[in-house]
Amino acid sequence: IKLTNFFIINFILVIICLFIYKNLAFKITIRLFRPSEIARIFFPSVFDLGKYEIGISETIELVFNADVTTGRQVLFEEGGGTNALSIYIDTGSIYFNVRDAGEFGPFTISALITPGQTYHVAATFDSINSFLFSGYLDGVLVGSGVTTTDLDAHSGDIGIGFDNGGTYYHDGATATSGNYFDGRLSDVAVYNSVLTEAEIQKHAT
């Protein structure tokens, strides 16, 4: 009887863990006081979003306030110089970028931003059904488009507030770390699902 109860309890725990994983969002809060400060995050292998799996949809959202908007400053990036998804500032604009070598991209969305102003940004990519990539600024859709296929698997750790070992931008790839963010970041979240526009608008208010 005790052995049976043990298996029942373990079965229930597995079901609970699967439910949590399916609805999981990773959230952290970061404050970067100087460009030299680095924010870096590593996930356990079972939740390793840095090593992107084929056919997984995703939403990335965060809140930021940039002291300056000159130059290039990474808010979030995953992948490397071959396959990558990134959100970054470049010369007064916010960029949402995705690229898969040999298949599509870089596919880029951008919008003007102002230094010293707080923004909520979100990028969604349906890598299962529609292959739709979208970028939102303060809950408003600023651009979207359909890629030719999903984003292939890519290795490399996620970089938050800097380029962690290289990524792919709208104008090409880098292979080294850098492009530090100068400002404040908070409410960084990564979901393994595509949030609706209504959900993103709710988070932005």
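Predicted model: local features only at pLDDT ≥ 70, side-chain atom pairs only at ≥ 80, totals over all residues.
Student: How many aromatic pairs does a search of the whole structure find?

Tutor: Let's take one pair to start with. The ring centres of Tyr88 and Tyr95 lie 5.2 Å apart with the planes at 0°, so this pair counts as stacked. Both of these tyrosines are buried. Searching the whole structure, the count of aromatic pairs comes to 8.

Student: Which parts does the pair of Phe104 and Phe125 tie together?

Tutor: This pair is tilted, with 6.4 Å from centre to centre and 55° between the planes. Phe104 and Phe125 are both buried. Because Phe104 belongs to strand S7 (residues 104-112) and Phe125 to strand S8 (residues 118-125), the pair ties together parts 21 residues apart in sequence: S7 and S8.

Student: Is S8 mostly covered or mostly uncovered?

Tutor: Buried here means under 20% relative accessible area. By that cut-off, 7 of the 8 residues in S8 are buried. That makes S8 mostly covered.

Student: What stands opposite Phe125 in S9?

Tutor: S8 and strand S9 (residues 132-137) run antiparallel, joined by 5 bridges. They form a hairpin with 6 residues between them, and Phe131 in the turn has a positive phi of about 60°. Ring pairs also link Phe125 into a cluster with Phe104, Phe107 and Phe133. The residue opposite Phe125 in S9 is Phe133.

Student: Which ring does the charged end of Arg99 sit over?

Tutor: For comparison, the charged end of Arg72 sits over the ring of Tyr169, 4.3 Å from its centre. With Arg99, the charged end is 4.0 Å from the centre of the ring it sits over, and that ring belongs to Tyr168.

Methods
Residues numbered from 1 in each chain as written. Heavy atoms only, no water. Phe/Tyr/Trp six-rings, centres within 6.5 Å; stacked < 30°, edge-to-face > 60°. Buried < 20%, exposed > 50% of the residue type's maximum accessible area, 1.4 Å probe, protein only. Helix = DSSP H or I, 4+ residues; strand = E, 2+ residues; numbered from the N terminus. Lys NZ or Arg CZ within 6 Å of the ring centre and 35° of its normal. Pairing = 2+ DSSP bridges.
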